[in-house]
Structure formats: C-alpha cells, structure tokens
Amino acid sequence: MTAILSDEPTILILNGPNLNMLGVREPALYGRDTLGDIEAACADRAESLGLAVDFRQSNLEGELVTWIQEARSSHDGIILNAGAYSHTSIAILDALTAAELPVVEVHLSNIFRRESFRHHSYVSLVANGVICGLGAQGYLLALEAMARLIEGKE
Ligand code: DHK
C-alpha cells in the first residue's frame, strides 16, 4: 500500500480479490506484470499528471467497502478493479454511490470476450468510464482520464 500525504489531488487505486496473484495467475488473460509492477507504473504516470496515488489491494469485500467510504473525505477520485466483486457486489456499488467521487473502472481482461457472468458489472452503474481488455495499460489510461475528470474537462 502506498499512502501519500500530498497537496496534489490523491487518487485511490483499489484492487479486489485475486489481483495480488498477478504475474502468476492466468498470464494469458491477465498479463505477466505483477501488481507491484502496476503500482510502480501508476506512481510514475501519476507524478507526470500532477496526481498522488494511494494504491491498495484486498481480497475482502468489507475492507474494500470501508476504504471506499473513507475515500469520500480523504481522496479526490477512485480507480477500481474490483475483480470478481465487480459482478456480484451491491455493497461496493452502494459505497461508491455514497462516496460521490469520480470513478474509473478498470479490468485487465476484456470481460465481454469472456463468460457471460462477467458481462455485467455493478461498478459500471456508477463509473464515469470503464476501461477493459488493455492489460496493465488500462490503469495508466484510467489515471489520464481521472486527471481530466478532476480538472472538470470531461
Ligand atoms: C479481474 C478478475 O479477477 C475477474 O474476476 C474479472 C478482472 C475480470 C480483470 O480483467 O481485471 O472478471
């Protein structure tokens, strides 16, 4: 977890269950980058965009809900790959709605080329935008989009 106290807008980048396994988990689907690689790339891109990042992962739905609740008063936007909870969690949807922050949803894989149960995402109901199928690059594109959302350009 990278927690940064900063005057710059701070983006909470949240990763849900099994994303701690990146690098070894089904690399044909999720790529060979580890979550640590993605965190480092996000920190670099955020710096160039004038943003700070707070990058976290949890396998626990309730912990993700608590972090989203807390973000309301401490962060400026949320980038979220909720993993399988994307497809199941009304609790995460409700927390995101209550947070009243810009949200960009990310999936490494193209969920629409996969099983039909992955085609629906509760997160998408509240997300400003969704990026999927572009691997780790999706997180960097999400940061670019978030910078514009915070500036009020999009
Ligand atoms: C990650 C997961 O763990 C899956 O449960 C989702 C998502 C897709 C991804 O592509 O990043 O269905």
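**Legends to the close-up views**

**View 1. Overall fold of the predicted model.** From the N terminus on, the elements run β-α-α-β-α-β-α-β-β-α, where helices (H or I, at least four residues) and strands (E, at least two) are DSSP runs numbered from the N terminus. The radius of gyration, taken over C-alpha atoms, is 14 Å, close to the 15 Å that the globule rule (2.2 Å times the number of residues to the power 0.38) gives for 154 residues, so the protein is as compact as a globular protein of that length. This is a predicted model in which local features need pLDDT of at least 70 and side-chain atom pairs count only at pLDDT 80 or more, whereas totals for chains, interfaces and linings use all residues. Residues are numbered from 1 along each chain as its sequence is written, and side-chain values use heavy atoms, with hydrogens and water left out.

**View 2. Surroundings of the ligand.** The ligand is surrounded by 13 residues (a heavy atom within 4 Å), the closest being Asn81, His87, Leu108, Ser109 and Arg118. An N or O atom in the side chain of Ser109 lies 2.6 Å from an oxygen atom of the ligand, while backbone N or O atoms lie 2.8 Å from a ligand oxygen at Leu108 and 3.1 Å at Ala84.

**View 3. Helix α5 and its packing.** Helix α5 (residues 137–151) has 15 residues, and its buried residues (under 20% relative accessible area, 1.4 Å probe, protein chains only) include Tyr139, Leu143 and Met146. The buried residues of α5 pack against elements including β1 (10–15), α2 (35–49) and β5 (129–132), with contact meaning heavy atoms within 4.5 Å. Just after α5, Gly152 takes a positive phi of about 80°.

Conventions
The expected span of a helix is 1.5 Å times one less than its number of residues. Buried means under 20% relative accessible area, exposed over 50%, partly exposed in between (1.4 Å probe, protein chains only). A polar contact is a pair of N or O atoms within 3.5 Å; within protein, one must be able to donate a hydrogen and the other to accept it, and residues adjacent in sequence count only if both atoms are side-chain atoms.
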